[in-house]
Amino acid sequence: MTEPWYATREDVKSALDSKETARNDAQVDRAVASASRGIDALCHRRFYPWTGSRSFPWPDPQMGTSYRLWLDDNELIAVTALQSGGVAIAADQYFLEPANSGPPFTRIELDLAGSASFGGGATAQRDIEISGLFGYRADESPAGALAGALDGTAGTVAVTNSAAVGVGSLLRVGSERLIVTGKTMTPTGQTLQADVDARASTAAIPVANGAAFAEGETVLVDAERMRILDVAGNTLIVKRAWDGSALAAHTTGAVIYAPRTLTLERAAVGTTAASHANGAALFRHDPPALVRELCIAEALVAVLREGAGYATRTGSGDNARETYGGGLPDLREQVYTAHGRKVRKRVI
């Protein structure tokens, strides 16, 4: 996985109400990946941040003025360095535009009251170089913390909150971004504090420290999975027999597991792998809500149609037609209207 997704495996499986034991994860993953890249193509932009440098010719073939550089599909979130003709241009010598609605920023304009200028290189090729954060936006939400140290090469790490991340999530710790490619069960360090019977109505699970769990997490006790609906002090309020597992009785001292060990794609989207301390804060990149909704919808349709052999038709004779999720065209139009890049596209 080299690019993050706009929804997670868990999002789609939850929408399908699919059980962990009855759904092929690879099938769902393939559908989410395809849906994410399809949204990029629909909107002519990507909805995740990328760190690095981009070069531009000057004079710009589409130059309208001597002080404005159009970025086209290299939209900016933030600039760390700008130079032209090998000469650095200070941050107070240019503006990122549009100032009132960016990011994303679609152009750079030199401050006409300043002394900076574009050009000056030996040739027009790659005269301007911009280093920074490219993409649509870098909106983030807290996603717990590392539950162990992470060195510069490790491909797995434990975290404190498995509900905040899913397969396909783009995470940031320090300046490094990571893509989650897998989740596996790991001991939480806690055990049952009382016997639990095999009745679905027994939803209160006593633990030593309720603060160590999060609403929405799936925990495993023996062979039974349970979904945490709420945390009340040191009691977990759960939905029993989750993910198709069997309802069972459990005894005091049974180990509680949670899917908190993540398999990671390190140094993702242009960042550099680094070491991070135990307890370092994690942040999850959040694409626009409509983009996430469309990604889930597209993946759902793909999975369901694949399961039906792409033979989903209604009616007969002259009235026969293919059906594939009637609301998708409207949702695609909403996403394109709200987030699609409609101008400054080059004609080939």
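The model is predicted, so local features are given at pLDDT of at least 70 and side-chain atom pairs count only at pLDDT 80 or more, while totals for chains, interfaces and linings use all residues. Residues are numbered from 1 along each chain as its sequence is written, and side-chain values use heavy atoms, with hydrogens and water left out.

## Nonpolar cores

In soluble globular proteins, nonpolar side chains tend to be buried together. A nonpolar core is here a set of buried Ala, Val, Leu, Ile, Met, Phe, Trp, Tyr and Cys residues joined through side-chain atoms within 4.5 Å. Buried means under 20% relative accessible area, exposed over 50%, and partly exposed in between (1.4 Å probe, protein chains only). Helices (H or I, at least four residues) and strands (E, at least two) are DSSP runs numbered from the N terminus.

The largest nonpolar core holds 31 residues, and Tyr 6, Val 12, Val 32, Ile 39, Phe 47 and Cys 295 have the most contacts inside it. Two or more residues of this core come from each of helix 1 (9–16), helix 2 (25–43), helix 3 (289–307) and helix 4 (328–339). Helix 3 gives the most, with nine residues.

Contact means heavy atoms within 4.5 Å. Not counting residues up to four places away in sequence, Phe 47 touches Tyr 6, Ile 39, Asp 40, Tyr 136, His 285, Pro 287, Pro 288, Val 291 and His 339. A second, separate core of 15 residues includes Leu 76, Tyr 94, Leu 110 and Ile 130.

In helix 1, the buried residues are Arg 9, Asp 11, Val 12, Lys 13 and Leu 16. Just after helix 1, Asp 17 has a positive phi of about 55 degrees.

## Strand pairing

Two strands pair if DSSP finds at least two bridges between them. Strand 3 (residues 76–84) and strand 4 run antiparallel and are joined by two bridges; Val 87 in strand 4 is the bridge partner of Ser 84.

Elsewhere in the chain, strand 10 (residues 170–173) pairs in the antiparallel sense with strand 11 (residues 176–191) over four bridges. Val 173 has Glu 176 in strand 11 as its bridge partner. The hairpin of these strands has two residues between them, and Gly 174 there takes a positive phi near 60 degrees. Strand 10 also pairs with strand 17, in the antiparallel sense over two bridges, and Arg 172 stands opposite Phe 283 in strand 17.

Most residues other than glycine have a negative phi, and most peptide bonds are trans.

| Site | Feature | Value |
|---|---|---|
| Asp 72 | positive phi | about 50 degrees |
| Val 269 | positive phi | near 45 degrees |
| Glu 97 and Pro 98 | cis peptide bond, omega | about 0 degrees |
| Pro 103 and Pro 104 | cis peptide bond, omega | about 5 degrees |

Asp 72 lies in the loop between strand 2 (68–70) and strand 3 and is buried, with a relative accessible area of 8%. Val 269 is in the loop between strand 16 (255–265) and strand 17 (281–285), and at 7% relative accessibility Val 269 is buried. Pro 98 is found in the loop between strand 5 (94–97) and strand 6 (107–110), and Pro 104 has its place in the loop between strand 5 and strand 6.
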